[in-house]
Amino acid sequence: MGIYLNPGCRGFQTIRNGVYMDKTGLIDHVNSTINTPLKLTCFSRPRRFGKSFAAKMLCAYYDRSCDAKPLFEGLEISKKDSFDQYLNKYDVIYLDITWFISRSRTKGGNIVIDMQEAVIEELKIAFPECIHEKETYLADALLSVANMYGRQFIIIIDEWDALFREAKDDQPLQKEYVGLLRGLFKGGTATDETIAAAYMTGILPIKKYGTESALTDFREYTMTKPGRLAQYVGFTEPEVQRLCETFQMNFEDVCTWYDGYSFSKVQHVYSPNSVMNAMQEGEILNYWTQTESFESLKNYIGMNFDGLKDAIITMLGGEPVRMKISTFQNDITSFRSSDDILTLLVHLGYLAYDQEERKAHIPNLEVAEVFEAAVSGDEWGMVGKAISESEDLLDATLQRDEDAVAEALEKIHGSVSSVLQYHNEASLSCAITIAYYTAKRFYHIIRELPAGKGFADLAFIPRREVEKPAMIVELKYNKDADSAIRQIHENRYEGELRDYFGNLLLVGINYDKNVKGKDAKRHSCVIEQV
């Protein structure tokens, strides 16, 4: 066993020693591609979504230097026809690009050169008689082994795109790196003789140059198009339900905090790192912020592209936004529009993407808190201020301070509508959701569909073990707050709370656009306890 050549089962053994969710079905997919035109797979996902776990699992399965059968017994792959056919049958080359970047920076070297030298040194030890002493090109070294021994390699590259992210301005180094990958995977007959299959994992899809990709032979699976690998992006709902039963965690709370990603073939996908942390710690917390700073999100959403701020405010208000993913160049420097920024945020996991509707939204409460921190600066003006003060607004509502509630909604409505359309139902609904932004921590918020009798209607149902009253909030237009309360009674919105037993507040808000002078756009509020 080596570090890069046939690294063995150690990584996967460590994973199996902890709480493990069976994702070995991915192996069957890779098996189906071996020595076929589809043998090159690139599967990109955000941080915290199990990329390295999958890479170590594949190493353990294919590595001919170890006996991994006991590690896979009872798992999904062991029940597949391909299990014994490929188990520990190949020489594996494992490349962790983030490790090589750190290694090269420490030594002051060139990552592309250092990486090839490190792997070739191990190849010389394993196959001393067939690799020339002065060999420096990895593709040629692998071809020499294949020609002499007739042995093919499985190449597994973890964080393949790290160089594009961490050396984003070093164009010559990026081109040299792409040249290495092209040599390994676009060598025609030489590649067919050398490579049985390859699996790359990273955050970004394969880099585009103009309208073409530098590695067109790879079959790509991404956060916008996961295809048949959708169930391996994160944890599925049945998997999370089983974990909640095992660890006696409340499934509803876990869903609210960590669900929200969905694809055409899998409707509920959970952030796996956060779910596992919650199970192991026995506590629902924001584990995203422990591994990722909100500063990167802040920098991206603060960029000056037309429509970007509108889109962010709309999503903060609980509505999805339509976006185009086709112009994204799969890097973190070549931005041309707000759609490029939104597409990047999908790949980073800050946004979820609906393939059928072609819309993006903030996926869950955990990520919503990251957005809350990212818009807290002065550049977001009253929107950020309203979110930071939303707990005060909730307190004022619970204390039935009608004047304070009306004043707060007046400010946020005006601020949101300065970006969106003021006299618009979506704007009004967006404003009230932003105004009560942090109420998500205490309530399940149900947005009603418009019925023609009111502009916005939300039900606030307390979360488990939250000692706060439920609320129905209704907005009226050019009438009065009392009529909003009457509409709640008439439409019996309390039916949304049929399983709730406790205090209930009815909150009626009226917006009158016809008020003139200094009090224009004035809101009024009536709060009634049931």
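User: Which residues lie nearest the centre of the second largest pocket?

Analyst: A search on a 1 Å grid over the protein atoms alone defines a pocket as an open set of points with protein on both sides within 12 Å along at least five of seven lines, and a cavity as a set where a 1.4 Å probe fits but cannot get out; lining residues have an atom within 4 Å of a point. In this predicted model, 29 residues line the second largest pocket. Those nearest its centre are Phe49, Gly50, Phe53, Phe235 and Pro272.

User: What pLDDT do local features need in this predicted model?

Analyst: Residues are numbered from 1 along each chain as its sequence is written, and side-chain values use heavy atoms, with hydrogens and water left out. Because the model is predicted, totals for chains, interfaces and linings use all residues, side-chain atom pairs count only at pLDDT 80 or more, and local features need pLDDT of at least 70.

User: Which element gives the largest share of the lining of the second largest pocket?

Analyst: Helices (H or I, at least four residues) and strands (E, at least two) are DSSP runs, numbered from the N terminus. At least two lining residues each come from α1 (10–17), α3 and α14 (272–281). The largest share, 5 residues, belongs to α3.

User: How many residues in the lining of the second largest pocket are nonpolar?

Analyst: Ala, Val, Leu, Ile, Met, Phe, Trp, Tyr, Cys and Pro count as nonpolar, Asp, Glu, Lys and Arg as charged, and the others, Gly among them, as polar. The lining contains 6 charged and 7 polar residues. The number of nonpolar residues is 16.

User: What volume has the largest pocket?

Analyst: Grid points are joined across faces, edges and corners, and a volume is the space filled by probe spheres set on the points. The second largest pocket holds about 540 Å³. For the largest pocket, the volume is about 900 Å³.

User: Which element gives the most to the lining of the largest pocket?

Analyst: The largest pocket is lined by 30 residues, and closest to its centre are Gly318, Ile362, Pro363, Asn364 and Ile445. Elements supplying at least two residues each are α13 (251–258), β12 (359–361), α18 (365–374) and β13 (443–447). With 4 residues, the greatest contributor is β13.

User: What is the order of strands in the open sheet of 5 strands?

Analyst: Two strands pair if DSSP finds at least two bridges between them. Strand β3 (residues 153–158) has 6 parallel bridges with β2 (residues 91–96), and 6 bridges join β3 to β4 (residues 195–202), also in parallel. Strand β1 (residues 40–44) is joined to β4 by 5 bridges, again parallel. The order is β2-β3-β4-β1-β7.

User: Which residue of β3 is the bridge partner of Tyr94?

Analyst: Bridges also link β4 to other strands: Ile154 is partnered there by Ala197, and Ser44 by Gly202. In β3, the partner of Tyr94 is Ile156.

User: How many of the 6 residues of strand β3 are buried?

Analyst: Buried means under 20% relative accessible area, exposed over 50%, and partly exposed in between (1.4 Å probe, protein chains only). Phe153, Ile155 and Ile157 point one way from β3, while Ile154, Ile156 and Asp158 point the other way, and all are buried. Strand β3 is therefore largely enclosed by the rest of the structure, and its count of buried residues is 6.

User: At what angle to β3 does helix α3 run?

Analyst: Axes are lines fitted to C-alpha atoms, for helices over the stretch in contact, and angles run from 0 to 180 degrees between N-to-C directions. Helix α3 (residues 51–62) lies across β2, β3 and β4. Its angle to β3 is about 165 degrees.

User: What separates the C-alpha atoms of Asp158 and Ala54?

Analyst: Asp158 belongs to strand β3 and counts as buried, with 0% relative accessibility. Contact means heavy atoms within 4.5 Å; leaving out residues up to four places away in sequence, Asp158 touches residues including Lys51, Ser52, Ala55 and Thr201. Ala54 is 104 residues from Asp158 along the chain, yet the separation of their C-alpha atoms is 9.2 Å.

User: Is Glu239 buried or exposed?

Analyst: Glu239 sits in helix α12 (residues 237–247). Beyond its neighbours within four places in sequence, Glu239 is in contact with Met21, Asp22, Lys23 and Gly234. Because its relative accessibility is 9%, Glu239 counts as buried.
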